[in-house]
Structure formats: C-alpha cells, structure tokens
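Subject: Structure for your review

Dear colleague,

My findings are set out after it.

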Amino acid sequence: AFLLTGGIFAVMALWGYFTRSDLSSVGSLASMLLLGLVLASIVNLFVASDALGWLVTYGIVAAVCALTAYDVQRLKKIAQGVGPSGEAVLERAAITGAFVLYIDFIILFWQILRILSASSRRN
C-alpha cells in the first residue's frame, strides 16, 4: 500500500510540476469534490451503504490525486514568482506546501489501504 501510494503520489506530483496546463480550475473542482465526498461519507454513517462507501473511497482517491498535482504546481508558481528579497515568504510557503502535500499523501495512503485491505478480505 505504501509503495502504491508513493508511486501514485510521485506520478501526480511530476505531472503537476511539468504540465504546461493551468491546474487552478482542477484544484478548485477537486476541493469542492472532496468537500462533497466528506459530506457523503457523513451521510453514509447513517445510511451504511457499501456502494456509497466505495464511491466515496474512489472519489477521494481521484480528488486527492488532482489536488496533489494542483498543490505541486501552485508551489512551483510561488517559488518562481518570489524575488531575491522574498526569502521569508518562500520559507513560509515551503513549510505550508510541505504540510499540504503531507496531508495529501496521508489521505491517499489511508484510502488505498482501505481498498487493498478490502480486496484481500475477499480472496
């Protein structure tokens, strides 16, 4: 699960870094999708639907993948836009960006662990 998460995270981070497309709209769409999925998971606590649970799980994986690419591109733009006198701004952005990417990785790992543990129980 950790290797799979690391691979997916690396691919999405590289895509976000090297793509020439602006991912701003993808980031806002993924953020809204993630918020909706969190609300759907809260509803699923009361409904207890397996189908909704899996839809939420795979939706969160997709949303976090998109957010990872968006976050990396956003950090790249911040680093390129900061001049030589903006060391403090760059340092603060680096710390915040590292934390955001860490949270993305943890959420992705948690969901992939859920998917893989369920598939191992079926076998």
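Predicted model: local features only at pLDDT ≥ 70, side-chain atom pairs only at ≥ 80, totals over all residues.

Residues are numbered from 1 along each chain as its sequence is written, and side-chain values use heavy atoms, with hydrogens and water left out.

The structure holds five aromatic pairs (rings of Phe, Tyr and Trp, the last by its six-membered ring, with centres within 6.5 Å; planes under 30 degrees apart are stacked, over 60 edge-to-face, the rest tilted). One of them is the edge-to-face pair of phenylalanine 2 and phenylalanine 105, at 5.7 Å centre to centre and 75 degrees between the planes. Because phenylalanine 2 lies in helix H1 (residues 2-18) and phenylalanine 105 in helix H4 (residues 87-122), this pair ties together parts 103 residues apart in sequence (helices are DSSP runs of H or I, at least four residues, numbered from the N terminus). Ring pairs link Phe2, Phe9, Phe105 and Phe109 into a cluster.

Phenylalanine 2 is exposed, at 53% relative accessible area, whereas phenylalanine 105 is buried, at 17% (buried is under 20%, exposed over 50%, partly exposed in between; 1.4 Å probe, protein chains only).

Lysine 76 lies over the face of tyrosine 17, 4.5 Å from the ring centre (the criterion is NZ of Lys or CZ of Arg within 6 Å of the centre and within 35 degrees of the ring normal). The charged end of arginine 114 sits over the ring of tryptophan 54, 4.6 Å from its centre.

Asparagine 44, in helix H2 (residues 24-47), counts as buried at 15% relative accessibility.

Notes. Helix = DSSP H or I, 4+ residues; strand = E, 2+ residues; numbered from the N terminus.
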